Amino acid sequence: MGFNCGIVGLPNVGKSTLFNALTATQAAEAANFPFCTKEPNVGRVGVPDPRLDRLAAIAKSQKTVPTQLEFVDIAGLIRGASKGEGLGNQFLGNIREVDAVVHVLRCFEDDDVTHVEGGVDPLRDAEVVETELMLADMESLERQLVNLQKKAKGGDKDAKARADLMERALKVLQDGRPARTVAVSAEEMPLFRQLMLLTAKPVLYVCNVEEAAAATGNRFSEQVAAKAAAEGAACVVISAAIEAEVAQLADPAEKREFLEAMGLDETGLNKLIRAGYGLLGLITFFTVGPKEARAWTVTKGSTAPQAAGVIHTDFERGFIRAETIDYDSYVALGGEQGAKDAGKMRQEGKEYVVQDGDIFHFRFNV
């Protein structure tokens, strides 16, 4: 099961620098001119989780395998993108394919780095990008709606349900609000997702600040944080310049020393990865043994068979039961045998809803 976050923003806000640091590669060329990124670069990164190391130590696992997220570095967008300006059509096509949006905003001043809008104003930049996405959504809905309304008038119930939902979404967009603010019932959600609206995707704002503000943020990042809070969105403060330097250090001790010198207790990238994981509504379960301790990803609300299917489709198809230990019991009782002896290993069936931190051993028969 793959989950990906598209990294978006205006040109020259630090997207590619951040992506390079995030994936510890130079896959995305970073340069001081617009449209440096033309084709989306893709990188997979491990989600930091200290629980995995703890489980591996208890089980004496030979290796650990973290769960992963995919990040996609998408070309910079400018005003007029919804009408094809710059690399607009390509940008909109690429962002349509991601699960969530990581919106990088420039929150630092530097005369040596040009700004396509002429000056630093993260709220304006956020509005530019979101306006273009809303315009693209409106155009998409308007294009489809005419035919659907005709079918609805002819008695087509499916067309009527879809048209009603589209009309509500269009009204919200015309009022200047993103599609994610549309009131949608649980029953309507599958149909709503099929509309593939750009502004329906969850958003995480990343404030790219100067090195001196990495630990505390600055006046620009405070403005973005207030915007995110008002929207119910997530917000993270990062210095892409610091992250790029940290990515070049191979020795963990050197990394810790460098971060401490900057007044940081962890990398901004770790915060970003965890925030992206949370943004997508994901939780982690584990499989633990002498060969490896491994973290796996499922969406909240997934059942035990669905979790088994993440490991292998045969596990889901032939699911019998899940031998389950919660994380706290596993740690407190010294591992699987201790949990068994204390009666803390449970036999869960097909209806069991996975809890974050569950340790599973799946029984199946195909």
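In the predicted model, six strands form an open sheet of mixed pairing in the order β2-β4-β1-β5-β6-β7, where strands (E, at least two residues) and helices (H or I, at least four) are DSSP runs numbered from the N terminus, and two strands pair if DSSP finds at least two bridges between them. Because β2 (41-46) and β7 (234-238) stand at the edges with a single partner strand each, one side of each is left without a neighbour in the sheet. Strand β6 (residues 203-208) runs parallel to β7 and is joined to it by 5 bridges, Val206 having Val236 as its bridge partner in β7.

Residues are numbered from 1 along each chain as its sequence is written. Local features of this predicted model need pLDDT of at least 70, side-chain atom pairs count only at pLDDT 80 or more, and totals for chains, interfaces and linings use all residues, while side-chain values use heavy atoms, with hydrogens and water left out.

In helix α7 (residues 219-231), Phe220, Ser221, Val224 and Ala228 are buried (under 20% relative accessible area; exposed is over 50% and partly exposed in between, with a 1.4 Å probe and protein chains only). Seen down the axis of α7, these buried residues fall within an arc of 90 degrees, so they line one face of the helix, the arc being that of the directions from the helix axis to the C-beta atoms. The cover over the buried residues of α7 includes β5, α4, β6 and β7, contact meaning heavy atoms within 4.5 Å, whereas the face turned away from the buried side carries the exposed residues Arg219, Glu222, Ala229 and Ala230. After α7 comes Gly232, with a positive phi near 75 degrees.

How values were computed. Axes fitted to C-alpha atoms, helices over the stretch in contact; angles between N-to-C directions.
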